[in-house]
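The sequence and the model are shown first.

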Amino acid sequence: MTELLAVALITVLAVVSPGADFAMIVRNSYLYGRTTGLVAAAGVAAGVLVHVTYTMLGVGLLIASSTTLFTVIKLAGACYLVYIGVRTFLARADLDVDLGSRPGLSRLGALRTGFLTNALNPKTTLFVVSTFTQVVGPDTGLWQQAGYGLFMSLAHLGWFGLVALFFSHSHLRTAMLRRQKVLNRTIGSVLVGLGVTVGLAR
């Protein structure tokens, strides 16, 4: 019971803490609408399962014990954050506030963006690996570990689904689209800052 509560608490804190996943969902939701935001949220949830899978297979222990391997993973994630941050910062603010005639992002593109954002997110890597190596006991059954992993994924889906619903509201979208150039630069700067911070962190 203590283990279950610990996993639940750590998961909730990790999910709601601001990061690249939050910034990406906000941007996709207000730019492209509710469906795109929700599909991107599903991609974020799927990205969590990547970390859960390799951790359950024992790779998490290798990552936790190898400074070099963790550094490589961290730098790859940092580079991706900087990449999407620069793209967001330089994005043209040409979407019209007429929500019925806007260019869109395909569902596959939204799913891929959400998936890569979390699959390459060092914060998610650290969260999952740390939880499974420090909280989940060696005597925890395989199915119970899988249940923890599924809970982590569903928690991300639930939270970011709510974020997508909120920021895709028509009135809020209209207001944000009128300021999309400033928002793109703000979100892009945050993502670049997160990438640089992660890359330089020891």
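In this predicted model, helix H2 (residues 20-32) packs with helix H6 (residues 107-119) at an angle of about 165°, and their axes lie 9 Å apart. Helices here are DSSP runs of H or I with at least four residues, numbered from the N terminus; axes are lines fitted to C-alpha atoms over the stretch in contact, and angles between N-to-C directions run from 0 to 180 degrees. H2 and H6 are therefore roughly antiparallel to each other, a term for angles over 145 degrees.

In this pair, Ala20, Asp21, Met24 and Asn28 of H2 meet Thr113, Gly114, Thr117 and Asn118 of H6, where contact means heavy atoms within 4.5 Å. Thr117, found in helix H6, is buried, with a relative accessible area of 0%; buried means under 20% relative accessible area with a 1.4 Å probe, protein chains only. Apart from neighbours within four places in sequence, Thr117 is in contact with Ala20, Asp21, Met24, Tyr80 and Ile84.

H2 also packs with helix H8 (residues 142-167), at an angle of about 40° and with axes 8 Å apart.

Residues are numbered from 1 along each chain as its sequence is written. In this predicted model, local features need pLDDT of at least 70, side-chain atom pairs count only at pLDDT 80 or more, and totals for chains, interfaces and linings use all residues, while side-chain values use heavy atoms, leaving out hydrogens and water.

How values were computed:
Helices (H or I, at least four residues) and strands (E, at least two) are DSSP runs, numbered from the N terminus. Angles under 35 degrees count as roughly parallel, over 145 as roughly antiparallel, 65 to 115 as roughly perpendicular and the rest as oblique. Buried means under 20% relative accessible area, exposed over 50%, partly exposed in between (1.4 Å probe, protein chains only).
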